[in-house]
Amino acid sequence: MLSSVTSRALCDLSHVDLVAWCAAQGEPAYRAGQVRRWLFEKRAASFDDMADLPRALREALAAEFGEPLASRVVRHQVARDRTEKLLLELADGSTVECVLMREPKRRTVCISTQVGCAMGCVFCASGLLGVKRNLTAGEIIEQVLRADRLLDPGERLTNVVVMGIGEPLANLANLLPALETLASGGPQPRGGLGLSPRRFTVSTVGLPDKIREFAEVGHPYNLAVSLHAPNDRLRTDLVPVNKNIGIAAILDAADHYFEKTGRRVTYEYVLLGGINDGTRHANELAERLRGRHAHVNLIPMNAVAEMPFRDPTPERVRRFVEILEAAGVAATIRKRKGADIDAACGQLRLKSERQNGEPVAR
Ligand code: SAH
């Protein structure tokens, strides 16, 4: 007998797809809404949990999709600050990470969009193994649902940040339907988490054409641009893809994003001790961002074992912020979360892939 090979994941079906699938089973359209409510709102762990569905439909769902969520949790780490990190195994054996972060009034999930990353930023663990493939919309959605299932029964996610492994705008075709699904919901839910687009932030290395495409979507998602340097010479050293792009084109595209969406753009800036954290860097950055609808998020470096970068000293961080603020550029320092569980950017996947002996592709 053939083992039951499941070819599709339920999360890869849109509401419309699921209505069509139900119709093919002889079931009315409203069943699709029921299934999606179980999946997104009631955190069903199995099709058997979907108590208001006829048994035959539950069996058909199990035969077609296996389990409601196709990914498998292969590691689950909980930090002292209750940040939780999941390593998920996908249908093809690839792994991705997602992180749940808790603050008094927020519960934020950080998700990945690719298996690995092609950008090669010199301080980031995600790119060390190169990129293998884009995640499907369903695989992006599943990370959010996996994190949601870690919450207490009465708790809901409040924010989604697309800042995990991969370059989100290099996978816009799958990211957009995933965001659309996650943001939908509301009083007549078709699934989704019912979160406003303003609760989503997409972080990009800065691909101008893709930023413009993202601006056309017509939803006020937040955009974060990983700048990391105030001039092209230094930026190209740290973010090699900058070579053929340049900061000016990125700032232009980001200004366009603000004009189209009304959302102030965040510029992320990883502070690398002794490299980009000096007063002249802060002054140059202030000069470039002055007068723009921008906000700078300074990220103290998360040490990655084999990388030669070190933390900036607290005095230099403070000085950097002071210079930006004196120039009228809003700046905040990102709080570090989950430091004791390799929560930064691809570190857990890197460790696990290395243990499994995957060759380094870069
Ligand atoms: N590719 C996207 C999203 C993933 S990285 C991007 O470049 O924005 C999310 C953020 O974490 C980026 O700003 C990235 O530069 C930063 N980051 C990567 N490695 C880091 C490290 N070791 N310490 C601190 N921040 C890091």
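**Ligand surroundings and cysteines in a predicted model**

Let me begin with C124, which is buried, its relative accessible area being 19%; buried means under 20% relative accessible area, exposed over 50%, and partly exposed in between, with a 1.4 Å probe and protein chains only. C110 is buried too, at 12%. The structure holds 0 disulfides, a disulfide being a pair of cysteine sulfur atoms within 2.5 Å.

A word on the basis of these values. The model is predicted, so local features need pLDDT of at least 70 and side-chain atom pairs count only at pLDDT 80 or more, while totals for chains, interfaces and linings use all residues. Residues are numbered from 1 along each chain as its sequence is written, and side-chain values use heavy atoms, leaving out hydrogens and water.

I turn now to the ligand. Which residues come nearest to the ligand? Of the 19 around it, they are G166, S203, S226, H228 and N302; a residue counts as near if one of its heavy atoms lies within 4 Å. By kind, the shell divides into 10 nonpolar, 7 polar and 2 charged residues. Here Ala, Val, Leu, Ile, Met, Phe, Trp, Tyr, Cys and Pro count as nonpolar, Asp, Glu, Lys and Arg as charged, and the others, Gly among them, as polar.

Consider individual atoms next. A side-chain N or O atom of S203 lies 2.6 Å from a ligand oxygen atom. At G166, a backbone N or O atom is 3.0 Å from a ligand nitrogen atom. For T204, a backbone N or O atom stands 3.5 Å from an oxygen atom of the ligand.

Note on methods:
A polar contact is a pair of N or O atoms within 3.5 Å; within protein, one must be able to donate a hydrogen and the other to accept it, and residues adjacent in sequence count only if both atoms are side-chain atoms.
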